[in-house]
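This report describes selected features of the structure shown below.

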Amino acid sequence: MTTRSARTDLRGEVFPAKARYDDRAIFFARSQGARFESRVNNGVHEIELYDEISPWGVDARSFRNALKGVKASRIVLRINSPGGWVHEGFAIANDLRDHPATVDVIVTGLCASIATVVAMAADKVYMAQGTRMMIHRPWGFVVGVADEMRQYADLLDAYNLDIAKAYNARMTVSEEKILALMEAETWFTGEEAVAIGLADELHESDADLSAKFNLSRFRHAPDEMSAHGTPIPTTTRDLEKALRDAGLGRAAAKKTVANFTRANVSQRDAEGKNALATILADLRSASSTLERLTEGQEI
C-alpha cells in the first residue's frame, strides 16, 4: 500500500482509497451511542456531531449535505468526537467557514484530533462542564519502498503544520509552543482550553457523554471518556444493530444476519457454543487485529 492509494487520519490509520462497503462491519466495536443529527429548533439550526470523522462515521459529504438544508442565520454545532481523517476534517471546517450563517460550536464531551480543527472554524467555541479538548501530531504508517516512506513522512509533516496553523489563528501562544503541545498529545479541560485560546467561553450545560469511543490509540486519554470497547452482541437483534451502527443499511444488516443464521443456526462448535457466538468471536478477533495493525504492532 502506498501513499498514492491510501488515506490517513490523525490517529495514523491507513485504509485503501476505495475500501469495500462490507469492510465497515468490523468497526462496530469502536464506539457506543454515536450519532449525527441535524434539525431546526426555535429558528436555530442544530447539528450534533457525535461520531468519528471518517467514512465509517461522519464524512465531509454527509456534513455538506446537512449544511445544504440550513436556512437559519445561526448554526449550533455540538461536538463529541475523537477525530478522524485529516482531509475529511479540513473539508468540514472549510464548509463551515464558507457558510453564511453564524456558527457556534459547543463541545459537549470530547473534541479531539481533527475534530478540534472543525471547532476552529466556528465564530465562537464553548466548552460545556466536564468536557475535554485534545491536540496531537498526525501519525500513521505505510508499506512501500524508501522513496514512498520519505514521501509519507513529508505528508505527515505538511499535515502537522496545517493543523498548527489552524490553532495558531486562535491560540494565545507561539506556533513553536503549539507544535510542542501537539507533540506531547495535550488534553485540555474547559478552563484550560479557554485560557489558551482554543475555546472562547465555558458553557453552562453539562457534558453529554452518551456517545463514547475506544480511545486506546491515544496515550493520555481520560479514563471516564473511553468506551473501553463496545460490548460484543449476544443475540441476532444485537448483531443487526451493531452492523447498522457500523454503516450497513437496515435491510443489508438483516439480510447478513439472516443468511448466516440459515446456514449455521443448527451448528455447534466443540465447546457447545452456538454458531452466532462463533461469528461474533471472529468479528471481535478481526477488530482486535485491525487495532494492532493501526498501532504498528506485528501480527
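The expected span of a helix is 1.5 Å times one less than its number of residues. Helices (H or I, at least four residues) and strands (E, at least two) are DSSP runs, numbered from the N terminus.

## Basis of the model

The model is predicted: local features need pLDDT of at least 70, side-chain atom pairs count only at pLDDT 80 or more, and totals for chains, interfaces and linings use all residues. Residues are numbered from 1 along each chain as its sequence is written, and side-chain values use heavy atoms, with hydrogens and water left out.

## Helix 4

Helix 4 has 23 residues, which at 1.5 Å a residue should span 33 Å; the end C-alpha atoms of helix 4 are 33 Å apart, in agreement with that value.

Buried residues are those under 20% relative accessible area, exposed ones are over 50%, and partly exposed ones lie in between (1.4 Å probe, protein chains only). In helix 4 the buried residues are Glu148, Tyr152, Leu156, Tyr159, Asn160, Ile163, Ala164, Ala166 and Tyr167.

## Packing of helix 4 and helix 5

Axes are lines fitted to C-alpha atoms, for helices over the stretch in contact, and angles run from 0 to 180 degrees between N-to-C directions. The axes of helix 4 (residues 146-168) and helix 5 (residues 175-183) come within 10 Å and cross at roughly 120°. Helix 4 is therefore oblique to helix 5; angles under 35 degrees count as roughly parallel, over 145 as roughly antiparallel, 65 to 115 as roughly perpendicular and the rest as oblique.

Contact means heavy atoms within 4.5 Å. From helix 4, Asn160, Leu161, Ile163, Ala164, Tyr167 and Asn168 meet Glu175, Ile178, Leu179 and Met182 of helix 5. By class, this contact has 7 nonpolar, 2 polar and 1 charged residues, where Ala, Val, Leu, Ile, Met, Phe, Trp, Tyr, Cys and Pro count as nonpolar, Asp, Glu, Lys and Arg as charged, and the others, Gly among them, as polar.

## Glu88 in helix 2

Glu88 belongs to helix 2 (residues 86-98) and counts as buried because its relative accessibility is 11%. Apart from neighbours within four places in sequence, Glu88 is in contact with Ile53, Asp59 and Ala60.

## Two loop residues with positive phi

Most residues other than glycine have a negative phi. Asn42, although not a glycine, has a positive phi of about 55°. Asn42 is in the loop between strand 4 (35-41) and strand 5 (44-50), and is exposed, with a relative accessible area of 77%.

Ser113, also not a glycine, has a positive phi of about 55°. Ser113 lies in the loop between strand 7 (102-112) and helix 3 (114-120). With a relative accessible area of 1%, Ser113 is buried.
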